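Please look over the sequence and the structure before reading on.

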Amino acid sequence: MEVLVVGSDEFFLLFDNDDRSHRFVKDLKSIFPSLYLFCPKVVIIEYDHFKDIVNYYLMRIRANKYYYRLKVYCCLKEPNEITIEHLKLLRTRAIVTHELVEKRQRLY
């Protein structure tokens, strides 16, 4: 299963670089060309790194019917109830970064 990971270099270290199903993007502007080229089933975004502009891209993804079945996860360093509720409104699942390594196999 194709997984698109969007985040900083430190965030990429949480994932297995040898796995061919993972695609890594460092800039949110590259997310739509990557969605088109690789057709991933899951997108994992480092929320804290992109918190100023991530909402715009999440709204664009959710407004497009083509990406209706796309699972989107946002990784937070610290759990915040307000942020988690906001992400739920955008049909995005929030997960804490330290839990990502433990639960990665169950995410996708």
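## Basis of the values

The model is predicted, so local features need pLDDT of at least 70 and side-chain atom pairs count only at pLDDT 80 or more, while totals for chains, interfaces and linings use all residues. Residues are numbered from 1 along each chain as its sequence is written, and side-chain values use heavy atoms, with hydrogens and water left out.

## Overall layout

The chain holds five helices and five strands. Read from the N terminus, their order is β-α-β-α-β-α-β-α-β-α. Helices (H or I, at least four residues) and strands (E, at least two) are DSSP runs, numbered from the N terminus.

Of the 108 residues, 44% count as buried. Buried means under 20% relative accessible area, exposed means over 50%, and partly exposed lies in between (1.4 Å probe, protein chains only). The accessible surface of the chain is about 7000 Å², and 51% of this belongs to carbon and sulfur atoms; the areas come from the Shrake-Rupley method with a 1.4 Å probe, and for residues only the protein chains shown count as cover. Among contacts (heavy atoms within 4.5 Å) between residues at least 6 apart in sequence, 57% join residues at least 24 apart.

## Nonpolar cores

In soluble globular proteins, nonpolar side chains tend to be buried together. A nonpolar core is here a set of buried Ala, Val, Leu, Ile, Met, Phe, Trp, Tyr and Cys residues joined through side-chain atoms within 4.5 Å. The largest one has 23 residues, of which Val-6, Ile-31, Leu-35, Val-43, Ile-45, Leu-58 and Ile-61 touch the most other members. Two or more residues each come from strand 1, helix 2, strand 3 (42–46), helix 3 (54–63), strand 4 (71–76) and helix 4. Helix 3 contributes the most, with four residues.

Leaving aside neighbours within four places in sequence, the contacts of Val-6 include Phe-11, Phe-12, Val-25, Leu-28, Ile-31, Val-43, Ile-45 and Phe-50. A second, separate core of 11 residues includes Val-3, Val-5, Ile-44 and Tyr-73.

Thr-83, Ile-84 and Leu-87 are the buried residues of helix 4. These residues cover an arc of only 100° around the axis, which puts them on the same side of the helix; the arc is that of the directions from the helix axis to the C-beta atoms. The buried residues pack against helix 3, strand 4 and strand 5 (93–96). On the other side of helix 4, Glu-81, Ile-82, Lys-88 and Leu-89 are exposed.

## Salt bridges

The whole structure has three salt bridges, each being a side-chain nitrogen of Lys or Arg within 4 Å of a carboxyl oxygen of Asp or Glu. In one of them, Arg-23 and Glu-2 meet at 3.5 Å, N to O. Arg-23 lies in strand 2 (residues 22–25) and Glu-2 in the segment before strand 1 (3–6), so this pair ties together parts that are 21 residues apart in sequence. Arg-23 is partly exposed at 31% relative accessibility, and Glu-2 is partly exposed at 22%.

In another, the closest N and O atoms of Asp-9 and Lys-26 are 2.9 Å apart. Asp-9 belongs to helix 1 (residues 9–12) and Lys-26 to the loop between strand 2 and helix 2 (31–38), so the pair ties together parts that are 17 residues apart in sequence. Asp-9 is partly exposed at 46%, whereas Lys-26 is exposed at 54%. Lys-88 and Glu-85 also form a salt bridge, with their closest N and O atoms 3.6 Å apart. Both lie in helix 4 (residues 81–89), three residues apart, about one turn of the helix. Lys-88 is exposed at 52%, and Glu-85 is partly exposed at 44%.

## Cysteines

The structure contains zero disulfides, a disulfide being a pair of cysteine sulfur atoms within 2.5 Å. For Cys-75, the nearest cysteine sulfur is that of Cys-74, 7.6 Å away. Cys-75 is buried, at 1% relative accessibility, while Cys-39 is partly exposed, at 38%.

## A buried loop residue

Ser-8 sits in the loop between strand 1 and helix 1. Its relative accessibility is 14%, so Ser-8 counts as buried. Leaving aside neighbours within four places in sequence, Ser-8 is in contact with Glu-46 and His-49.
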